[in-house]
Amino acid sequence: MLYYSTNLKSPAVSLREAVMRGLAEDGGLYLPELIPVLPPSFFKSIGDMTHNEVALKVARVFIGDDVPEDVLAGIIKESLDFMIPLKRFGENVYCLELFHGPTMAFKDVGARFMSRLMAYLYRNEDRALNVLVATSGDTGSAVAAGFHGVEGINVFVLFPGGKVSPLQQKQITTWGRNIYALEVDGTFDDCQKLTKQMLGDRQLSDLFNLTSANSINIARLIPQSFYYFFAFARLDTGRIDEARLPLVFSVPCGNFGNLTGGLMARAAGLPVLRFVASTNINDVFCRFMETGEYKPAASIPTISNAMDVGDPSNFVRIKDLMGNNIDNFREIITAYSYSDDDTSMAIGKLHAATDYIMDPHGAVAYLGLRQFMSEYHEAVNGIFLETAHPAKFPETMKRIIDDFDYLPPQLQEVLSREEKFHSIGNDPEELKAFIQGVNQ
Ligand SMILES: *Cc1c(COP(=O)(O)O)cnc(C)c1O
């Protein structure tokens, strides 16, 4: 399988190169040159297959023959070692819970798969691979958890001092072994700039085999297509009556990697009528859908903060998958945006009606699904993606639900661990010296 750059100015590359580079030299993002459609026999038997069996068939579509069957099966087994349940919420409405991994956010799926795939692709090198990741909270913890203990790979997580929540800081700084947490005296943007400076320094990046684990990497997107098939399989087994209704997914969007995974699943043949791109007030994508003009904006802070993105990195991939045609966009995707008040109200209302507690990100997707289903003229099976456990956002949740105090065992355990991190200034030389020290 070859992967092309969305800017079309760099040559197509192998899986290994696409994963190791992350970003193409022309600044574009990688996508598979050709996405084969899964055969009807696959969709007939999908209801009888395990998650891992489904994932293996889907992974083949995007990876081709670059990874042997037993290795790919092993990567999938280790990456998806937690449940992804589909819960029913009354008439034709379902929730796909993606937050049962170690850091309790859907980013675990992509990070765990990427780490193991990288370790395999890199297996014959005698020098360590050094992975840099800048984080405002969630990405760093998922990447740290995903790479923890993976042989031959060092991970440097850069987080802005005093600007991540206490729980997030625990989730970044308590791993040890091959995970190095670096508190930067600066903002998230400074962290990101530092990693880009390191990666842009050709000499340094060759010397230390530097790469990035941010969400531009195709290895994080491939596994994010799997769970759309899982949800379809659950609806299609006959256990649920309305199985034959058209399928709609509502996705809470920030950098639009999750939605890109869904669109890749559709390109591989998954029968999806519509994707709802649900956003908070960072609504650049909604405006694009209305006007056909894409205008990045500065991001605005909200309670669904992992979606506070003013210039979604995966927009260029979605544009390609939609054949660069606004009519395709409008036929396949519907976009809505919601305020923090809308979101809080939805959480409170659903809790009062069903006892179920949504987190602020999933609640935005729930709102989008509800709106689509009320505006669409026919019955559909609607699934919204719940991307994080509500306990990750205790301050926000307590403001919405008075007696909210649940802390799942995964998070309790993290809180009891000891933090270990190094503090550096907002200075590339200090970071360089640190990386050098680790690699001696
Ligand atoms: C990252 C994140 C999102 C947004 O996902 P994208 O792939 O960036 O669109 C939504 N919810 C949660 C909880 C996240 O951590």
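User: Which residue lies over the face of Tyr-120, and at what distance from the ring centre?

Analyst: Happy to start there! This is a predicted model, where local features need pLDDT of at least 70, side-chain atom pairs count only at pLDDT 80 or more, and totals for chains, interfaces and linings use all residues. Residues are numbered from 1 along each chain as its sequence is written, and side-chain values use heavy atoms, leaving out hydrogens and water. A charge sits over a ring if NZ of Lys or CZ of Arg is within 6 Å of the ring centre and within 35 degrees of the ring normal. Over Tyr-120 lies Arg-123, at 4.0 Å.

User: Which residue lies over the face of Trp-175?

Analyst: Here the distance to the ring centre is 4.9 Å. The residue over Trp-175 is Arg-417.

User: Is Phe-156, which forms an aromatic pair with Tyr-180, buried or exposed?

Analyst: Rings of Phe, Tyr and Trp (its six-membered ring) pair if their centres lie within 6.5 Å, with planes under 30 degrees apart counted as stacked, over 60 as edge-to-face and the rest as tilted. Phe-156 and Tyr-180 are stacked, 5.4 Å centre to centre with 20 degrees between the planes. Buried means under 20% relative accessible area, exposed over 50% and partly exposed in between (1.4 Å probe, protein chains only). Tyr-180 is partly exposed at 21%, whereas Phe-156, at 0%, is buried.

User: How far from an oxygen atom of the ligand is a backbone N or O atom of Gly-254?

Analyst: A polar backbone atom of Gly-257 is 3.0 Å from a ligand oxygen. For a backbone N or O atom of Gly-254, the distance is 2.8 Å.

Conventions: Polar contact = N/O pair within 3.5 Å; in protein donor to acceptor, adjacent residues only side chain to side chain.
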